[in-house]
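Let's take a friendly walk through a model made of several chains. Have the sequence and the 3D view at hand as you read.

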Amino acid sequence: MTDAMIGLVALPLTGAVATLLLPRSATVVAIGAGLATTIAAALLLFGVANQGALHYEMGGWSTGLGITLRADGLSALLLMMTSLVALAASVYASAYFSAASERARFWPLWLLLWTSLNALFLSGDLFNLYVTLELLGLSAVALATLGGKRAAAEAALRYLLVGLLGSMLFLAGVSLIYAGYGTLDLATLPRVVEPGPIAWTALAMMTTGLLLKTALFPLHFWLPPAHASAPAPVSAVLSALVVKAAFYLVLRLWLDVFANVVTPVAANLLGLLGACAVLWGSWRALQAERLKLLAAWSTVAQLGYLFLFFPLLLALPPGPTRDLAAGGLVMLALTHGFAKAGLFLAIGVIQQRCGHDTIRDLDGTAQHLPATTFAIALAGVALIGLPPSGAFLGKWQLLAGAVETGQWLWLVVTATGSLLAAAYIFRVLGHAFGHQPYPNQPVTVAREEWPALLLTAMAALVLGLGGAPVWKLLEIGT
Amino acid sequence: MINLASSILILAGLFFYLAGSIGLLRLPDLYTRLHALTKADNLGLGLLAAGLALHSQHLLTSLKLLLIWLAVLAASATSAHLIARQARRQETRR
Amino acid sequence: MNTTNLLVFDGLLLFSIVGLAWASLATTDERRSVILFMAFGLVLAVAWGRLLAPDVALAEAAIGAGLSGALLLAAVRKQSPGSSHTHANPDRNYSESGAKVVLQWLVTLLCAALAGTLAWALLHALSSAPHDTLPRAISDNLVASGVSNPVTAVLLNFRAYDTLLELAVLLTAVLGIFSLGQTTPGYQPAGPVFDGLVRWLVPVLILTAGYLLWVGAHAPGGAFQAGATLAAAGVVLRLTGRSRIGLPDGFVLRIIMAAGVGVFLLVGLTLLLLGRPFLGYPPAWAGALILLIETAAMLSIAATLLLAFVGGQPQSTAVNAAANRQREENSRC
Amino acid sequence: MLTAQVLYGLTACVIVALGLRGALLHASLLQRVVAINVMGAGVFMLLIAVAYRGPGLPPDPLPHALVLTGIVVAVSATALALALARRLHAEQDND
Amino acid sequence: MNWDAWLPVLVVASSLLPGLVIFFLREGSHRLRTALNLVGAILKLVLVGILIWGVFHEHVYESRWTLAPGLDLVLHADTLSVLFVTLSTVLWLVTTVYAIGYLENAPHRSRFFGFFSLCVSATVGLALAGNLFTFVIFYELLTLSTYPLIAHRGTPEAVRGARIYLAYTLGGGMLLLIGTVWLHVLAGPTAFVEGGILGRLPAEYHPQLKVIFLLLIIGLGVKAALVPLHGWLPQAMVAPAPVSALLHAVAVVKAGAFGIVRVVYDVYGVNFTDQLGLLTGLGIAAAITIVYGSIKALFQDNLKKRLAYSTVSQVSYIALGTAILGPIGTIGGIVHLVHQGIMKITLFFTAGNYAETLGIHKVSEMNGVGRRMPATTLAFSVAALGMIGVPPVAGFVSKWYLGLGALEAGMAAWVMPVLIISSVLNAAYFLPVLYRAWFREPGPAWPAEHIPAARFETSAALLWPPVVTATLALAAGLFAAAPYSPLEWATLIAHREYGL
């Protein structure tokens, strides 16, 4: 099972090299590598479920001297999500990019992005995390520029600079940690880190860097233009996975590595920023004129919800209630990943078939593409947090935690945010009803419509109805 | 004895560097500045290298220092030439 | 040298480092800023030497100051020498409006606070005895690593995985640059003096690169420094107006670009198939495998840096030659 | 505490702050890139200072290796950023 | 899982699966779609028959599926759920037939019938919900599946009406969710148990429980159209007639009322609710709604709008019955759940028939329509008289029990006037319609005659459903004392609730 960890990094990376060398058959090679990676992720998930947390010492060097890969329930789940989302987006991309030259450019970068995500979720070493963050940032930016338009280049450049600034702050924190504790290993650190200037400063710098990358309000300014101007499959992965990766690191640092360093005050600050993100992001999504911008602003808001959990988790004593809340957080993150990826793919279909994604002019569009419209509706269900989506279970835990700890503010924010989400989603769906007749077949362009449909169904149905194992898996910590 | 000699050489080198730098700051136009800088600095570096070479115990080190001087000489001569040529070209264009 | 002298030296060095950094960022003239930054990098290399980090000093001089500088200089906008007032967002320029001034002060305060906090934490970290577990572990395992330069041992054996991903970062960057389009036009042909220098400089650089690669196993040096030196050879070739600068076309170029990551992966996966850990070299083979990986890495690094310098996918030879001819005609004065 | 460590370490903090300030305030894209590089240099300096063990003693090689990796990563990012900036400028000039 | 555990799932699935399949059918395959619908509906009827028999004989049917630790999706058949399930199933079958006739040649039928089936599945799931968590899930699903039905026509008014509906119900759903979560934190999983489960909580929780009750009732009151939360209901009239029929008789409005019954009886317990002093407040809210709805109905010329306000008023009888302490009032409220459903669906069917056949949308256009469409108008009359409370139609039985219950509970002082006033108002807004339909001379031409009189006054699929439901309404009143009649079943529920 530990070989699956190597596979998760080596398979997409090999794929990247292979697609670079064989541009003519890049699509086939890439889909093959993607499939293999997904199988590796599934194997790892089963391995973690059956054998508990896994680790792999790279090069056979003992932890500390070498780099150790680690997989626990959380990382296995995120890896699985990454693979499923990326695979679906790959299938979609195989139809999205028509020109051979476009495909030749796209696939190596795409697989490098995939590599970086997997490497990040598996990494057990702070400096290695910095490298994976940079790989993630650069590949994401390079892919975002494939939009070809000037707006895309401008947004990508800003994205890159913000990302670099974030990584530098992160690296500064890592350096401090090494200076203070002489180790970079994530599993060793919790035993040696103690509250004090070093840990506080390092955590503050790393967190700030990561918040820049995960676009928490007010550091979100770069996200909407970057996500809205990238090609659809890239937007899907940027919104669903890339920001989630930085968030995962915040979560790791706050709940595992620096668990005895973080204070409720700091967590409240994160929660407050999250609340602002929820309200502001939803509000801007409601104002958006284009579907892609709507989706991008919705990402800002959805990330806010994740941060609302921090004050709850800090206030709850360790025990089943806290585990429930933590599971809710992960469930919300997973659901958003699938839903947002599906949403962006669906928007991509609309954009390509209709030549635009202006919300005002969507009348009739929905009638041409019923399956895609349905996918948007499913994504909407998940984004609002209605049952039977996984987000409903997540929000339930969020509300329960808020009630449990008496932090009513988060309850109000969650409720308001959900209603705003409903407003912006149904503003789009209102255009789905018109007089134009449906095509005879509900699914018209299979390779483009099915990925979105499956991803959103995953978010809106599968996770919500079959999500109980998520909590079980999360009990498996490092 | 060797120490003294090397110290004198190094100090002389530093003097030339100082002169070159003052020239760079004080001289009126690009050509004269370039003149001061390259001349003085090349000589300064040569003296510095010689001083250090005397100071070092190994012949290999001394040879390396010589090599450094030669390399810098070639590079600075070429770049001074390039700068001067470019400046001249711009003048003629105007 | 006694400690006082050293202190004076440190003081001067640090003063010039801070001064150059400040000056480089205080100016609004892009070209001046870049040149000051290059000087900053060079002084920094001296500082690394002072702190007994010769590997880093070499890399800083070659990559940090040299190639980064070359890249930055090439990106300085040609038509706006000495002015920064033509760039992307005119509204974001420094202006005298009150809000801007307040913002500047706020940011400055924030950064000062950051410096203070960082220093506070760092002093705490440095006040206790240094952690020697890891350095000791490194020197204990040095024999098994296949090289005797501890930095190379860390880079290519103990933390080889970092380096693999780092090569992937390089590959990503160059692919990203590729996707942005074709190369920028080259430079005018050089005059005889410069050309003469380059004629003997390039072979020396190539030789130096080979030396650095080989020596990295037991002394400062290695693939990165060697790759940067090799790239420097290409850069000077380009400065003399040569268009091909040693970069091959098409498939071969792609192989070279992918070589660093590819060979690394190949070695790692082969070892995995042979029942060893991923990237776990058998001690007997370690030296040879590291050299193999480093050679491939050097080629990739050099190609990547050069491609970054020329700014995109090389145009096909014919087109290039035509463009060159055109340029030559224009440049006759 | 070694004087050199402290001196270089504190300078590193100043450089980081200088770089950050430049990255936040500069309007010119190129200079932002320069500023981020300066900031990176500050972080590297921090690491090298931490690795230093005093004259005559072998320094900790690990931070050196990290900085080498960091330098290459930084130059890759710089190259991509500059390529993007160049592309943007070219398009502006075409307008 | 054994058969007893599967049965509730099958009851839900018998409409859910056909619905999902229908989405993916080609638009043109009408026969397959119709077949799927009817097979599903009939299968559901059979399954529900088994369920009735079993529950009567105190079989336990329960399906449980864990969604998250401590959060189980529970489908559980008890007397109350079976009552509602039966109502939904029977009326679904009838409405499906009606809808097939109504939507002949209309576009987007796959979407319509898909969501129609989902809507019924949600209703049935809501009826079978074994705890508040499950109830909330189906409650929201119901909102989601009805939205496309209301917006179905795609006109700006339809989309607007649907949006208003959504704003109300999602807002209400959010309050319901918050209340449920809060209750869950206080008391753990809130399974529906006859007599309630909250009475055993310590007294210091009582203030919180009052707030939660308010949240829950407001959340449910939105769908039950309690004044002032009824604003969406008249707007939702833009939906096609079968949708309005289902919405008003079974699905949405009734879901809210059913939820109120559940919360009062099976979560708080009616005695504990009374002890908290909440019952009177609920009763007053219901009373205000009853009178307000009737008065508003009086001034509507648009037939469907008049019916809509009538719904506002009539559904609150259920809440009123819930608020009357004592088994007889309970019986009155619960039996009205069924009676109002049958009668109101008849009214909407017939209103749809007038519109589809003759283009009649307004009361003022109905002069003499009884002669052109006697069967339809007869059905309309039976239902309208029932609404007023004229014996022997079902509505009389409800009102009778409500009155008796109020007397028994000592609440007659304000319940009786409400009943009398509302009955007078009911008469005031229905009798003129009947008078016009039967006794006024028809105008020179109908507004828009779509379906000419042939063998029947209108097409068969449109005619039979109201006739059947009107007959049912009559039968429910005439044979109220028969075993398995709604009244008998309501009595059973009340006895189990009060532990008699």
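This report looks at how the chains meet and then at one chain by itself.

## Who touches whom

Keep in mind that this is a predicted model.

Chains A and B do not touch, and their nearest C-alpha atoms lie 33 Å from each other. Chains B and E do not touch either, with 70 Å between their nearest C-alpha atoms.

## Where chains C and D meet

Have a look at the place where chain D meets chain C: 64 residues of chain D are in contact with 74 residues of chain C. On the chain D side, α1 (3–25), α2 (29–51) and α3 (61–94) each supply at least two residues. The largest share, 24 residues, comes from α3(D).

What kinds of residues make up the side of chain D that touches chain C? They divide into 46 nonpolar, 13 polar and five charged.

## A closer look at chain B

Along its principal axes, the C-alpha trace of chain B spans about 55 × 25 × 10 Å.

Of the 94 residues in chain B, 17% count as buried. Among contacts in chain B between residues at least 6 apart in sequence, 60% join residues at least 24 apart.

Methods: Residues are numbered from 1 along each chain as its sequence is written. Chains are lettered from A and ligands numbered from 1 in the order in which they are written. This is a predicted model: local features need pLDDT of at least 70, side-chain atom pairs count only at pLDDT 80 or more; totals for chains, interfaces and linings use all residues. Two residues are in contact if their C-beta atoms, placed from the backbone, lie within 7 Å. Helices (H or I, at least four residues) and strands (E, at least two) are DSSP runs, numbered from the N terminus. Ala, Val, Leu, Ile, Met, Phe, Trp, Tyr, Cys and Pro count as nonpolar, Asp, Glu, Lys and Arg as charged, and the others, Gly among them, as polar. A residue is buried if 20 or more other C-beta atoms lie within 10 Å of its own, exposed if 12 or fewer, and partly exposed in between; C-beta atoms are placed from the backbone.
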